[in-house]
Amino acid sequence: MSERITIFDTTLRDGEQSPGCSMNVEEKLRMARQLEALGVDVLEAGFPIASDDDFEAVRQVSQEVKRPAIAALARATSLDIERAWEALAHAARPRIHTFIATSDIHLEYKLKKTREQVLEEARRAVRLAKSFTEDVEFSAEDATRTDLDYLCQIVQAVIEEGATTVNIPDTVGYTIPSEFKRIISTLRERVPNIERCCLSVHCHNDLGLAVANSIAAVEAGARQVECTINGIGERAGNASLEELAMALRVRQDVIPFNTGIVTTQIYKTSQMLCNITGVMVQANKAIVGKNAFAHEAGIHQHGMLCNKLTYEIMTPESVGIKQSMLVLGKHSGRHALQQKFEDMGYFLNRNEIDKAYKLFTKLADRKKEIFEEDLMVILQDGIQEIPQTYSLRLVQALAGNHKPSTATVVLDKGTEILVHSETGDGPVAATYKAIDKLTNTQGQVIDYTIRSVTRGSDAVGEVFVHVDFNGRTFSGKAASTDIVDASARAYLHAVNKALHAEERRLEAQRRLEVPVAQS
Ligand code: KIV
Ligand code: ZN
């Protein structure tokens, strides 16, 4: 049986700190539930002293998510550690993660402290954390630029104080695999009590080496790796969880370790993070990028048709992607197109499939491969008559630099008039929340673009939105001289499409359920 590597996920802490990736408490909670389903061993939920929201996120995640250990970050001060402990009060398996910088650069310029002072503070922090919980992790920030003798002393000291995990971060993504391997091996050789702790690594990706460095550390004896979904994190990010998990799984022959990651949950988790933050992964991103399983070159396609092993080292299904992304080509027929739409959850009638097929063949003449996104464009470009289940009668928003904003929305639904007011982070967010409430939907805006189509201060603005409803994306667009009005109409456009698609799906399901004798 191969040895187990502990997966410590810091998407909600280090990942969330990166530009554009901030999440509110409810979003963190949603991600935390999914990270639990993904099988992470430790879930770092936040840095409680940093803000009330961070505190609340750690508190609520601790209350709801029970399988993984929940970690809260704290600097090596009593105030931080006590606040972290308060936030972890309801955790089934609480972990306090305390840290202090150890490199001379940080000591001289940031902390303005001597090595002796930092050593003493590290000891004191672990001692205090240990008075609250058995599970204490200590991190030596900027460890890879720390004098190695001094690093050994610090590690020995915090283990003496009871640290159960000692983390060696490559805070600025500076090290390379051979060097990092040497650092980890040295710690294991020179620190007398090293066996009493789990040695962990936390690599940043400034040189694009975060995953490679983490694997080198595992080879040298590290047994916990810290990582994030989609590799999000400070600057160039952290080691990506999906890459680490799949490298360990695919290369069992040379790195014989296992993890508790349910790899089939990877894609869903990655997509959820994209939908929540609006930060998409690049197309060629390993494991979860749009092209990660797409085979473009003819010679590769030929190989794939002969035997997938020729060019596929893991299956898309193993990371939770339903089928290979190679969807349809020029020679695909009407039936294949209809089937594909149905697989995607869209049920077209004969008239619609005729129109769609015409557009499809036109596109296939220009484009070698047709992907799901192309089919979505075909579908949403006037193939289906979308009934206006809801239409906008009025939107009135109150916004300014004093948050939150308020919006009142009045919708027509047949002869009914529906009214609702909501608050939100800006007038558009408040409007969308009100529309969700009135239409009984729950949309996640994936993309929102506004552009001016005429000139002047009374210019007409055009809004485009992509909204995810239960895992399916619908686009909407609208123009108006008022951006809140345009935003509301664009969103409603997407809502009406989503409702229509759901109705079609239910209709098709009912058709399939009718017993043969009655049909
Ligand atoms: O990069 C880093 O050093 C960190 C520590 C707080 C673990 O994020
Ligand atoms: Zn970090």
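The shell around ligand 1 has two nonpolar, six polar and three charged residues. Asp, Glu, Lys and Arg count as charged, and Ala, Val, Leu, Ile, Met, Phe, Trp, Tyr, Cys and Pro as nonpolar; the others, Gly among them, are polar. This is a predicted model: local features need pLDDT of at least 70, and side-chain atom pairs count only at pLDDT 80 or more, while totals for chains, interfaces and linings use all residues. Residues are numbered from 1 along each chain as its sequence is written, chains are lettered from A and ligands numbered from 1 in written order, and side-chain values use heavy atoms, without hydrogens and water.

**Shell of ligand 1**
- Residues around ligand 1 (a heavy atom within 4 Å) include Arg 13, His 97, Phe 99 and Glu 141.
- Helix H1 (11-15) and strands S5 (94-101), S6 (136-141) and S7 (165-170) each supply at least two shell residues.
- Helices (H or I, at least four residues) and strands (E, at least two) are DSSP runs, numbered from the N terminus.

**Contacts and burial**
- A polar side-chain atom of Thr 171 lies 2.6 Å from an oxygen atom of ligand 1.
- For Asp 14, the distance from a polar side-chain atom to a ligand 1 oxygen is 3.1 Å.
- An N or O atom in the His 202 side chain is also 3.1 Å from an oxygen atom of ligand 1.
- Taken alone, ligand 1 exposes 260 Å² (Shrake-Rupley method, 1.4 Å probe), and the protein buries 94% of that.

**Zinc site**
- Asp 14 (OD), His 202 (NE2) and His 204 (NE2) coordinate the zinc ion (ligand 2) at 2.0 to 2.1 Å.
- Asp 14 in helix H1 and His 202 in strand S8 (residues 198-203) are 188 residues apart.
- Donors are N, O and S atoms within 2.8 Å of the metal (3.2 Å for Na, K and Ca); water is not among the atoms, so sites may look incomplete.

Definitions and conventions: Polar contact = N/O pair within 3.5 Å; in protein donor to acceptor, adjacent residues only side chain to side chain.
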